[in-house]
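Subject: Structure for your review

Hello,

Here is the structure I said I would pass on. Please look it over alongside the notes that follow.

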Amino acid sequence: MSELPAATRDWLAGPGLTRLWAAARKRLESNGVQATGSLRLTVVTAEERNSLSLLLGRPFTGAAVTVRLDALDARLRASAAGLGLREVLEELGQPLTDRRAVRAGIAAQREHVWSSLASALDASPLAGQDWTAQWYDLLRRTGIPRGVTPETAVRTLHQAVHVLTALLGPEGGGTRGRGELAVMATGSAHGLDDGTWLARLVQRGLALAHRTEFPDDAPGRRALWRLSSVTPDEVSSTVLTYGLRPLGGGWQEQALRQRADQHAEAHLTSRDLHGLRLRLPAGTVIHICENPRVVEAAADAACVGPLVCTSGSAATVVLTLLDALAATGCRFAYHGDFDWPGIALANRIIRRYGARPWRMGAEDYELLAARSQAEGIPQLPLDGRPVGAAWDPGLAPAMTALGVALHEEATLGLLVDDLSGQGQAAPPGPPL
């Protein structure tokens, strides 16, 4: 229930005092909710001057009015309102927020986070090591990620100290799995997954302890884990291949050749690539596709040409394989989806490996679009921001003009013909 008499409340809430209450609310919230200091209203209307004169008991005639908040507070208490300025503001609107106290509370919580980290380090076997002071200073300068509460920050920083102690403390040593470490520190096997704040905290510490640069890519981060005798997960991410026939007598090379002879695809993990000697005859043409359906169709048609699939985004394991093939002198031809993400991925692959576009020109797109329309295939709208194709300046305008997205399945028959040696697509030439 309101403590203001109804008539008084209605008058105080009138338009002539609206700006006064807004300015007073802002001032009190910024100065500890104290009715001190003054505020100034400019370009005051006749209605506002009349209301202010009645409220404060003195006439105002100019275009600007200065109001002392202590005088306003006293006037309200002596009036029919019978309440101070703070109480009146809260009767007319929302409760006031002491922003000064809020800022002080946030600062105290932040300081608690860092003092808690300092205490955890001092109490750990890592205390006194040169790199720990550097790590602490670096983390404090970097700050807590947005959205992380102080409670979560304290817990995560303590978990990081726990993991670093396990790896670098006197009881450390021996090879551990990253998932094993994550369970030990967080209870979850994914607690140290790439991209988590905990993983970044630990990796910062490891880089400082080993006096090496903090890695900025996934292969570098895996190398840092291995430097610390931690084995990252190298089996869950795979690259889909078909028709690879590497030279060599090792069981892995023989297994790939046997799968190629049986027209069977092969999924290779990062772990496979560490032990595999991917040596192909120099100049071997490797076709690259974006969608697994192309590999499936090539296997069904018993194609003989080697094929690597990016499976959409070209994860690190895909690039690792392509890097290894490029190092042996292989050449590449690339095909992907005719949509903007597909063009962006094609740009990455073509630039990185000097690949030749494989049925990826403006003419190819226009022919496929016309054919799909003639066959009554529903047209998929082309959404998103246009991306220029590095290999064909006319492709993006053609796609924009028609506004149709075409996935690789629309080109499937032509791609399979090429891989079977029946198509007319030119083999890759010199790098772009």
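In which loop does N291 lie? The answer is the loop between β7 (285-289) and α14 (292-300). Please keep in mind throughout that this is a predicted model. N291 has a relative accessible area of 14%, which is under the 20% cut-off, so N291 is buried. Once neighbours within four places in sequence are set aside, N291 is in contact with C309, D337, E408 and E409.

Overall form

The protein contains 19 helices and 12 strands. Its radius of gyration is 34 Å, whereas a compact globule of 432 residues would come out near 22 Å. Along the principal axes, the C-alpha atoms fill a box of roughly 100 × 70 × 35 Å. Of the 432 residues, 44% count as buried. If you take the contacts between residues at least 6 apart in sequence, 66% of them join residues at least 24 apart.

Cavity

The largest contribution is from α12, with 3 residues. By residue class, the lining divides into 6 nonpolar, 2 polar and 2 charged.

Helix α4

Which residues of helix α4 (residues 69-78) are buried? They are L69, L72, D73 and L76. These residues lie on the same side of α4, because the arc they cover around the axis is only 100 degrees. The elements they pack against are α1 (6-12), α2 (18-30), β1 (38-41), α3 (46-56), β2 (65-68) and α5 (85-92).

Backbone points to check

Most residues other than glycine have a negative phi. Two arginines are listed here with a positive value. R211 has a phi near 55 degrees, and the phi of R359 is near 50 degrees. R211 sits in the loop between α10 (197-209) and α11 (218-227), while R359 is found in the loop between β10 (356-357) and α17 (362-374).

Are these residues buried or exposed? R211 has 73% relative accessibility and therefore counts as exposed. R359 has 17% relative accessibility and therefore counts as buried.

A loop glycine

G93 is in the loop between α5 and α6 (99-122). Its relative accessibility is 33%, so G93 counts as partly exposed. From G93 to W11 the separation is 82 residues in sequence and 14 Å in space, taken C-alpha to C-alpha.

Regards

Terms used
Residues numbered from 1 in each chain as written. Predicted model: local features only at pLDDT ≥ 70, side-chain atom pairs only at ≥ 80, totals over all residues. Heavy atoms only, no water. Helix = DSSP H or I, 4+ residues; strand = E, 2+ residues; numbered from the N terminus. Nonpolar A, V, L, I, M, F, W, Y, C, P; charged D, E, K, R; others polar. Buried < 20%, exposed > 50% of the residue type's maximum accessible area, 1.4 Å probe, protein only. Arc of directions from axis to C-beta. Contact = heavy atoms within 4.5 Å. Rg over C-alpha atoms; globule rule 2.2 N^0.38 Å.
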